[in-house]
Amino acid sequence: MNKIAKIFLSLAAVALPMCFASCSSDDDTPATGDQVNVAAKVIGTYSGTYSVEDVTNETTTDYTGTLVFTAYTDDAPYAAYMTINCDCETPAFAGTAAANLVPKSRAYGFYNELSSNPLGFTFQGEIDFDGNTTMSFSMAVKQGKKTYVYNVNFSGSKQ
């Protein structure tokens, strides 16, 4: 049994250094490429349609409106203020909140995951390189003892 154990330990001792070998190309951190000022790319007014689904009553209504991105600060390439303008009465949603901006492979993403933001709901969306944007969010509105749930989708293009 000792002979088998010695052979096994010898093989393990020979194989162990192979586990720590690396190629020279693995040693360097890849370049991140050119940094993109996403805010400069997305700032502007996007006109389109808000499609509002009333989940409680199972109805969907379309409204015209805009989505406006403005500078957060001069030196914030990954943040902007987003303002929602919609010609709808119920549910009433309009206002401004900060949006985090993220470069993607074929678009720029934007989101705010804090339900405590001034709009009162989280949102997420994308703006493609041609200036077309989509955004979605859900909100709950309490009226008396009843709560209504709305799913809202925006689709538009840069003016």
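A polar contact is a pair of N or O atoms within 3.5 Å; within protein, one must be able to donate a hydrogen and the other to accept it, and residues adjacent in sequence count only if both atoms are side-chain atoms. This is a predicted model, in which local features need pLDDT of at least 70, side-chain atom pairs count only at pLDDT 80 or more, and totals for chains, interfaces and linings use all residues. Residues are numbered from 1 along each chain as its sequence is written, and side-chain values use heavy atoms, with hydrogens and water left out.

User: Which residue's side chain does threonine 83 join in a polar contact?

Analyst: Threonine 83 lies in strand β3, residues 79-86 (strands are DSSP runs of E, at least two residues, numbered from the N terminus). The polar contact from its side chain spans 2.7 Å. The partner is threonine 96.

User: Is threonine 83 buried or exposed?

Analyst: Buried means under 20% relative accessible area, exposed over 50%, partly exposed in between (1.4 Å probe, protein chains only). The relative accessible area of threonine 83 is 18%, so the residue is buried.

User: What kind of aromatic pair do tyrosine 50 and phenylalanine 93 form?

Analyst: Rings of Phe, Tyr and Trp (its six-membered ring) pair if their centres lie within 6.5 Å; planes under 30 degrees apart count as stacked, over 60 as edge-to-face and the rest as tilted. For tyrosine 50 and phenylalanine 93 the centres are 5.5 Å apart, with 70° between the planes. The pair is edge-to-face.

Notes. Helix = DSSP H or I, 4+ residues; strand = E, 2+ residues; numbered from the N terminus.
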